[in-house]
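Hello,

Here is the structure you asked about. Please open it and keep it on screen while you read my notes.

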Amino acid sequence: MKTLPASAPEQLPAEIIARIGSFSYLSAACQAADALDDELVASRRPEPELARWAARLHTRCPVNNRHTGQPCVCGCHGRPEKGED
Ligand SMILES: [Zn+2]
Ligand SMILES: [Zn+2]
């Protein structure tokens, strides 16, 4: 049993955490969401529960990582201009 820090962006259900075993709460919420997205792709079947949590984590990301002070670079926070036409 791992003890999660109080600053965890979400208390993920144990079965969700189990799907992304390498995930650490030291990361920004979006990194966890990305890990879930990878899991969704890898599973090759609909996983509404995973998708729901991924979306939720993106939504609840504090943007500024409390541990590193670095802003989250996830595209969900307003895309950086990429000049993509
Ligand atoms: Zn984020
Ligand atoms: Zn995000």
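This is a predicted model: local features need pLDDT of at least 70, side-chain atom pairs count only at pLDDT 80 or more; totals for chains, interfaces and linings use all residues.

**The zinc site**

Look at the zinc ion (ligand 2). Four residues coordinate this ion: Cys30 (SG), His58 (ND1), Cys74 (SG) and Cys76 (SG). The distances run from 2.0 to 2.3 Å. What is the arrangement of the 4 donor atoms? It is tetrahedral, because the angles they subtend are 103 to 113°, and four donors count as tetrahedral if all angles lie between 85 and 135 degrees. Along the sequence, the spacing of the donor residues reads C-x27-H-x15-C-x1-C. Two of them link distant parts of the chain: His58 sits in helix α3 (residues 48–60), and Cys74 lies in the segment after α3, 16 residues apart. Both His58 and Cys74 are buried.

There is a neighbour too. The zinc ion (ligand 1) is 3.9 Å from the zinc ion (ligand 2). Cys30 coordinates both.

**Helix α3**

Now follow His58 into its helix. α3 has 13 residues, which should span 18 Å at 1.5 Å a residue. Its end C-alpha atoms are 18 Å apart, so the two agree.

Which residues of α3 are buried? They are Leu50, Trp53, Ala54, Leu57 and His58. These residues cover an arc of only 135° around the axis, so they lie on the same side of α3. An α-helix has 3.6 residues a turn, so residues three or four places apart point the same way. On the other side of α3, Pro48 and Thr59 are exposed. The cover over the buried residues of α3 includes α1 (14–19) and α2 (29–43).

Best wishes

How values were computed. Residues are numbered from 1 along each chain as its sequence is written. Chains are lettered from A and ligands numbered from 1 in the order in which they are written. Side-chain values use heavy atoms; hydrogens and water are left out. Donors are N, O and S atoms within 2.8 Å of the metal (3.2 Å for Na, K and Ca); water is not among the atoms, so sites may look incomplete. Four donors count as tetrahedral if all angles lie between 85 and 135 degrees; four count as square planar and six as octahedral if opposite donors are over 155 degrees apart and all others between 65 and 115; anything else is irregular. Helices (H or I, at least four residues) and strands (E, at least two) are DSSP runs, numbered from the N terminus. Buried means under 20% relative accessible area, exposed over 50%, partly exposed in between (1.4 Å probe, protein chains only). The expected span of a helix is 1.5 Å times one less than its number of residues. The arc is that of the directions from the helix axis to the C-beta atoms. Contact means heavy atoms within 4.5 Å.
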